[in-house]
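The entries below record what I looked up, in order.

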Amino acid sequence: MGIENLLLGFHIAITPYNLFVAVIGITLGTIIGVLPGLGGANGVAILLPLTFTMPPTSAIILLTSLYWGALFGGAITSILFNIPGEPWSVATTFDGYPLARQGKGGQALTAAFTSSFVGALFSIVLITFFAPLLAEIALKFGPPEFFAIQLLTFSSFVGLGGGNPLKSLVSILLGFILAAVGLDIVTGQLRMTFGFVDLMKGFDFIVAVIGLFGIGEILLSVEEGLSFKGVRTGMNLRVVLDTWRILPRYARTFVRGSFIGFWMGFKPGGATPASFMSYAFAKRFSRHPERFGKGELEGVVAPETAAHAAGVAAMLPMLTLGIPGSPTAAVMLGGLIIWGLQPGPLLFKEKPEFVWGLIASMYTGNVIGVLMVLAFVPLFAAILRIPFAILTPVIVVVCAVGSYAVHNNMIDIWYMVIFGVVGYVFKKLDYPLAPLVLALVLGDLAENALRQSLIMSQGSLAIFVARPISGAITAVAILFFALPVLTPWWRRLRGVPAVRRPAREV
Amino acid sequence: MRVADLVTASVLLLVGGVVVFDAVGIGIGWGTDGPKSGFFPFWLGMLLIAACALILGQAARRVDAKPFVRREQLGPVLKVLWPAVALVVLTLSLGLYVSAALYTGFYMRWIGRHSWLAVLAVAVLFPLATFFIFEKWFLVPMPKGPLEAWLGQ
């Protein structure tokens, strides 16, 4: 039954129009990934208003292709310019840039793109098989289970996200609070509007994403005094083929990276820690750990495989449970709602052509993507040779256009600027932005799940622990929330000094 | 860094207070058909206050001489920020496309010191391209001003 559905999906994904949409998406995505100011989540948010008139399947193909492109694009800047275009490509700079300096940029890029492709493919195959099963299970879920899963999602930011758990919590709460502003659709009551008409409509997550990730990121990057000093790509067919001949040597790294990526990615918090973890494992198991950081090809393979596997895996909970695993997936989930689709397990029953079209397009999109980036790397790299004084205003204007397009409302451009400043301050003070965005997108869904659960139980919170599935999930969530308190205590018990966890990135 | 941390946490604590105040106003208990509108925000606000108080405690105990932002860092940040605000203000009266042209041109000349020819080319072609992509291709209208009215758009 799975294969039939997949074939149905391919029928939809390889229509000329959808292939064209995928090519456009990947091109734009790669450009966005190359530019340090714009990221996957932000690019998807800017493009979202343009998809309102498109058929939903083509719209999601456009946005997911953009996401694949951004994942590929991040590697280009890291290797050639030593600037991570995306947080999950930080680990790629460790060995990618030294390789490029030694004149092996082509080799590093080929390895990066191929690893990305392998990691993505691994996750897509797993999604193809697991998504229908997971959706089948999730169909039996009621409001308490969904609320428990939401709890689990956010608890993993607090417990596993690294950084200051209190600040993660504040980000989550702030996201939920912003989501609650405006009209309460259940009771028809106005909340936190304080008499301002503009606040009645609430805050749109698209505008928040554009401000926090777009404008905030630009402010941060000018502060660091960006200057692009690139190394030549040195890419041609010979290099590609020669590199492909070496890559099978790293089969173990590929497998390890894929598993780490998938495992980290389908839970929120995803791609960035996955890439670091995969790099660390590759170094630990390598016969030449001393070569890492000086231009070891395996040091490019490991993080790229994991990052891309994680990036794709983030789509699994979004599709099956309606709970996104990453900010980008969160924006897409918001898109689903805008296109009139109800995210969650019912999607598999009610809109199979959408779900399977999307899954099939992950295969086609990544094949097209890897071929395109391999062929056009020099062109994409040339984007960074555009002077900074031109890029900055262009990015700001594009962000403003994207914010305005959401509701055709000037106030949204103001919100974008304010969110930009907030994003800049939060990022500097180590408040994570990803959970804020997730909470803003999920706010209404979470509150409804909570309300319905409480109505079912006549107001008793015991419902979350009394039902077996939601009880188990809630227990894990509580454990995650408690983890920051438990860990130092556990360490002291074993006589190990408490260590600071590495700083996290969004 | 410490001062910025204290200020941010205090502001967020106040936000939590405002949220709780508003929630209490609309009712935090059990209504006729389930929890009232203020129920969820009330607990969010309470948790926010608690978390911020703990952060304040952490920050107050910490010794940290590193400034939030150095003077030479703040300059470039403000140089991006205030023209962006000017862009929004101009958009109100001149429309987005004209403001985008002025803003892009100004920034290129001021920060990048590009030649007038390059400034003119980018400042005209970029808004024009935006116009065709959004207004014509995707049919997403942007705010317009006197120039567009004069051109009959």
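This is a predicted model: local features need pLDDT of at least 70, side-chain atom pairs count only at pLDDT 80 or more; totals for chains, interfaces and linings use all residues.

My entries take up the chains, the interface and some helix contacts in turn.

**Entry 1. Chain A as a whole.** I looked up the secondary structure of chain A and found 21 helices and 2 strands. I then turned to its overall dimensions. The radius of gyration of chain A is 22 Å, close to the 23 Å from the globule rule for 506 residues, so chain A is as compact as a globular protein of that length. Taken along the principal axes, the C-alpha atoms of chain A fill a box of roughly 70 × 60 × 50 Å.

**Entry 2. Chain B as a whole.** For chain B I recorded 6 helices and 2 strands. Read from the N terminus, the elements of chain B follow the order α-β-β-α-α-α-α-α. I also looked up the radius of gyration: chain B has 24 Å, whereas a compact globule of 153 residues would have a value near 15 Å. The C-alpha trace of chain B spans about 60 × 55 × 25 Å along its principal axes.

**Entry 3. Domains of chain B.** I consulted the domain assignment, which gives chain B a domain 1 (2-61) and a domain 2 (71-151). The centres of domain 1 and domain 2 of chain B, taken over C-alpha atoms, are separated by 39 Å.

**Entry 4. Where the chains meet.** How many residues of chain B are in contact with chain A? I found 51 residues of chain B in contact with 47 residues of chain A. On the side of chain B that touches chain A, at least two residues each come from helix 1 (2-26), strand 2 (34-35), helix 2 (39-61), helix 3 (71-94), helix 4 (96-112) and helix 5 (116-137) of chain B. Helix 3 of chain B gives the most to this side, with 11 residues. By class, I recorded 40 nonpolar, 9 polar and 2 charged residues on the side of chain B that touches chain A.

**Entry 5. Helices 2 and 16 of chain A.** I next examined helix packing within chain A. Helix 2 (residues 16-34) of chain A packs against helix 16 of chain A at an angle of about 50°, with the axes 9 Å apart. Helix 2 and helix 16 of chain A are therefore oblique to each other. The crossing of helix 2 of chain A past helix 16 of chain A is right-handed. Among the residues that meet are A22(A), V23(A) and I26(A) in helix 2 of chain A, and G365(A), I368(A) and G369(A) in helix 16 of chain A.

**Entry 6. Helices 4 and 16 of chain A.** I found that the axes of helix 4 (residues 56-81) and helix 16 (residues 352-382) of chain A come within 8 Å and cross at roughly 35°. Helix 4 of chain A passes helix 16 of chain A in a right-handed crossing. The contact of helix 4 of chain A with helix 16 of chain A has 14 nonpolar, 10 polar and 1 charged residues.

**Entry 7. Helices 10 and 11 of chain A.** Lastly, I looked up helix 10 (residues 251-265) and helix 11 (residues 271-285) of chain A, whose axes come within 9 Å and cross at roughly 150°. Helix 10 and helix 11 of chain A are therefore roughly antiparallel to each other. The contact includes I260(A) and M264(A) of helix 10 of chain A, and M277(A) and F281(A) of helix 11 of chain A.

Key
Residues are numbered from 1 along each chain as its sequence is written. Chains are lettered from A and ligands numbered from 1 in the order in which they are written. Two residues are in contact if their C-beta atoms, placed from the backbone, lie within 7 Å. Helices (H or I, at least four residues) and strands (E, at least two) are DSSP runs, numbered from the N terminus. Ala, Val, Leu, Ile, Met, Phe, Trp, Tyr, Cys and Pro count as nonpolar, Asp, Glu, Lys and Arg as charged, and the others, Gly among them, as polar. Axes are lines fitted to C-alpha atoms, for helices over the stretch in contact, and angles run from 0 to 180 degrees between N-to-C directions. Angles under 35 degrees count as roughly parallel, over 145 as roughly antiparallel, 65 to 115 as roughly perpendicular and the rest as oblique. Domain bounds come from an automatic or database domain assignment. The radius of gyration is taken over C-alpha atoms; the globule rule is 2.2 Å times the number of residues to the power 0.38. A crossing is left-handed if the near helix is turned anticlockwise from the far one by less than a right angle, and right-handed if clockwise.
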